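Grab the viewer and let's work through a few exercises together. Try each task yourself before you read its solution.

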Amino acid sequence: MSQRLSFYIHIPYCAKRCGYCDFNTYTPSELKSGDLDTLSSAYIDSALKEIEMAAQVAGNAIVPTIFFGGGTPSLLPAAQLARIIDAIKSKFTLDKDIEITLEVNPDSVTQEFLDEIKSAGATRISMGMQSAVGSVLKVLDRTHNPESVGRAVSMVRAAGFKHVSVDLIYGSPGETMDDWRKSLEYALSLDIDHISAYALIVEKGTKLAAQINRGELTMPPDDQSADKYLLADQLFEAAGFNWYELSNWSKPGGQCRHNIAYWNGSFWWGVGAGAHSYLNGKRWWNVKHPSSYQEKISQGQSPELSHEILTPENLSDEFIMLQIRRREGVLHKQLSSAQIAKAEEFLSSGFLDSASWQDMRLVLSRDGRLIADKIVRELVL
Amino acid sequence: MPAIDISKAPQPAATNPEQIRNFCIIAHIDHGKSTLADRMLGITGVVEARNMRAQYLDRMDIERERGITIKSQAVRLPWKSGLDGKEYILNMIDTPGHVDFTYEVSRSLAACEGAILLVDCAQGIEAQTLANLYLAMENNLTVIPVLNKIDLPSAQPEKFAIELSKLVGCKPEDCLRVSGKSGIGVEELLDQIVAQIPAPKGNPDGPTRALIFDSVYDTYRGVVTYVRVFDGHLSPREQIQMFSTGVKHELLDIGVISPEPVSGKGLGVGEVGYLITGVKDVRQSRVGDTVTTFHKPALEALSGYKDPKPMVFSGLFPIDGDQYPLLRDALDKLQLNDAALVYEPENSAALGFGFRCGFLGLLHMEIVRERLEREFDLTLISTAPNVVYTVTTDTGQELIVTNPSEYPNGKVAQVREPIVKATILSPTDYIGTIMELCQQRRGALNGMDYLSEDRVEIRYTLPLAEIVFDFFDHLKSRTKGYASLDYEPIGEAEGDLVKVDILLQGETVDAFSSIVHRDKAYTYGVMMTSKLRELIPRQQFEVPIQAAIGAKIIARETIRAIRKDVLAKCYGGDISRKRKLLEKQKEGKKRMKMVGRVEVPQEAFIAALSTNADEESGKVKK
């Protein structure tokens, strides 16, 4: 059987940087270039060369998923993104049921773009909705208008995409329980088959972190975020969206297979500036800045900045760390007897799903998902 | 030139007592005792100027750094009087300058016929100096009042001459004025020592009796014992005997310090010097004990011997449990030089393996801890200090409790605690605040006297337990540093005391148990429970923190169960980041202690045990 290799394509450009974001992305003004078309075409040229490098290492692999993330992939002309898909198609064997996801910005996406990218092979659209409440979007420093998400989803459907997801963020400064309920209800009113919901993380060095440090904004207490998670899970389940990973819910058949690949230890190649890759026990990550990335590539060098080789202990820690976040959970036989004993304490305090435990599986209960990191620490430390 | 060439000066074992003057210097820290002593070494020629280093006599680094003398030492100074032109031997016996070492001071004083009362004439007399002055007067020592630092711009010699004259009972103009720093008046002081202080008296032909006033462990020579001969004489190679133990030793070496040790032919009546017998532990050569000879033993010891008695106890635990054997070795070594230090192994559920240590007082405790950390490179955590309680149970059984965790759980009929007589000297402005502090600390006022128009002596009886915590810090901060304190144990008194336990999820945390006055139990309970609520991270279950007297809960806080401990995102690059965090947490886990099922970071114990002035005084922050 041939090796399977997913692709992640990093598009490191945004029209504007949002206040909470610490991703590896750059605005035209940061890059001192107003012409994104020229910029992106050069970047895609480099990305194509990295795909060639991947082909030299794993050219016989079957590609089950491709994911365009960023940044804002929808900022680029669809033709540029199509070049990537074509290149992968020509160097590798695409799975006949391939999933190709693209992150889009609901504000700037056009019907024309969606049509083009659909015909280039994309199968799934993921949209950054974050919230349906204007004041929350403002705190997050997002520019879009809440209603634009509904419009964008309709366009996605009109273009013929079967799978559409929205991302939500909860626990922003000032967000009330009611605000969150509104966002959830709005998301559930959309014609979508997948939702991701993330608690806001304040990352060092962001504008948001500075505002909090200066006391202009205050993070809500963790307990309130816990309540918001519980509300989300409850409403999603009631609407037929089942959780399959801690922060991800879908209708049947709507799971994101690309993300599952990250969690089940499959191999993936991250193409582009700052992208991470995992192949045969080695993780590596590329140089971060798009210009240094392009420079390396143009010199015929690997864009790798650094790497790590995973030890058996690393692998077993990661296995539990990732698998425990999933609906499938961890099989009893994959745990040591000490870990089983430890887990039984959590079972008795209601943090594990008891039916699954009967079934010889460790699966987190709703409350358990909220303290997943703690449970992992107890199990692996 | 009043200095005498040492080789031509009267020699040890051949000096007529008439030519000897034994004296000590009573002074407060910073009042310039060491500088004056240095100056005397220089003027008498025993230390050449080029060999002089500041505070020549203070041997330990800590002493030199803190500017205080912990251990006394004796120096033989030859001096030709400017008044009568005759040659004399002055033995200067240095005294420890702190409250914890009162007994050692008293033995140094007992070795002298006179004392210099040295007072900084910019600051006036301090409480400990006053206490030592009274001690000197009780010992019938001739006291020479001396004002030091007269060359300072802020000097007020007239004012403090009046204060000193009142205390000593002389005329203000009898107070000598010197500057140890510049040497002004020091020669005159040496002449006055000869003129005023009586020569030692003793029976040269009687059985030998020599007083041990200090005993120091030296890595190369074993214990060096400092003695003052009262009767008879001591000679090299002679068999000697310690009066308290009856143990026999051979005198391997005997001599004087001038200021380096000089071996000699022995010591006669009135002389002061050192002896070495090869013993390795200062407890075999105890301060206050009488040395006599084996072939002609004295029938009666010199009076005043006491066993050093630890007054303050605290648990010392290595932060890193692997350092426990190192801590044991370090304490063994320190004890060779510190007869007052006692310790025994202690096992705390919260802090692991360590030692319960007994100290003479707070300074002694601080010094020991600092030496352990500095000289032995240990990192320690210490429990709150406590005193020794005598507990009588309902069944009439009497228990000595040096550790709150040993306090009986059953019915207690009576608890007695040590009490002290405290003397506080302060500018009169602070009388109110000092009295308030002493009242809060269960003090009883014994009296108050004005030393001068603006300085007052306040006397209180206080439970020692109230002093060992942070009394001194409070006193200093309330009086802008002007007040000074001295205290002296005067016995035991019954107290309305209870043991407060702190429980985490129903389990007593031994390190936090404390014996306190019933009126303060609630405050202590609220303070500790709220402190711990802040310090202990939320667990996956609710953790009640309770303060209890026996089975009765007096305060309660709850650490609510943690509800959220998860990072929402875990994609490509997050995976390595998250695993590395996990690896870091594995390291942190080693510093976690388990109390029952509750995981407590070691930092929480340290923070909870560290005192905070505001909270201790009962002003618990809300």
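Two residues count as in contact if their C-beta atoms, placed from the backbone, lie within 7 Å. This is a predicted model, where local features need pLDDT of at least 70 and side-chain atom pairs count only at pLDDT 80 or more, while totals for chains, interfaces and linings use all residues. Residues are numbered from 1 along each chain as its sequence is written, with chains lettered from A and ligands numbered from 1 in the order in which they are written.

**Exercise 1.** Find the place of A:Ala120 and list what A:Ala120 touches.

Step 1: go to the loop between α3 (111–119) and β4 (124–130) of chain A; that's where A:Ala120 sits. Helices (H or I, at least four residues) and strands (E, at least two) are DSSP runs, numbered from the N terminus.

Step 2: leave out residues up to four places away in sequence, and A:Ala120 touches A:Ala78, A:Leu81, A:Ala82 and A:Ile85.

Step 3: count 18 other C-beta atoms within 10 Å, so A:Ala120 is partly exposed. The cut-offs: buried is 20 or more other C-beta atoms within 10 Å of a residue's own, exposed is 12 or fewer, and partly exposed is in between.

**Exercise 2.** Work out which element gives the most to the side of chain A that touches chain B.

Step 1: start with the totals, which are 35 residues of chain A in contact with 22 residues of chain B.

Step 2: pick out the elements of chain A that each supply at least two residues, among them β6 (194–199), α8 (222–238) and α15 (372–380).

Step 3: α15(A) gives the most, with six residues.

Step 4: sort that side of chain A by class, and you get 17 nonpolar, seven polar and 11 charged residues. Here Ala, Val, Leu, Ile, Met, Phe, Trp, Tyr, Cys and Pro are nonpolar, Asp, Glu, Lys and Arg are charged, and the others, Gly among them, are polar.

**Exercise 3.** Find the edge strands of the open sheet in chain B.

Step 1: write down the strand order, β16-β17-β15-β18 (chain B), with antiparallel pairing. Strands pair if DSSP finds at least two bridges between them.

Step 2: β16 (342–348) and β18 (380–382) of chain B each have a single partner strand, so they stand at the edges with one side lacking a neighbour in the sheet.

Step 3: check β15 (312–318) of chain B, which three bridges join to β18(B). Here B:Leu316 stands opposite B:Ser382.
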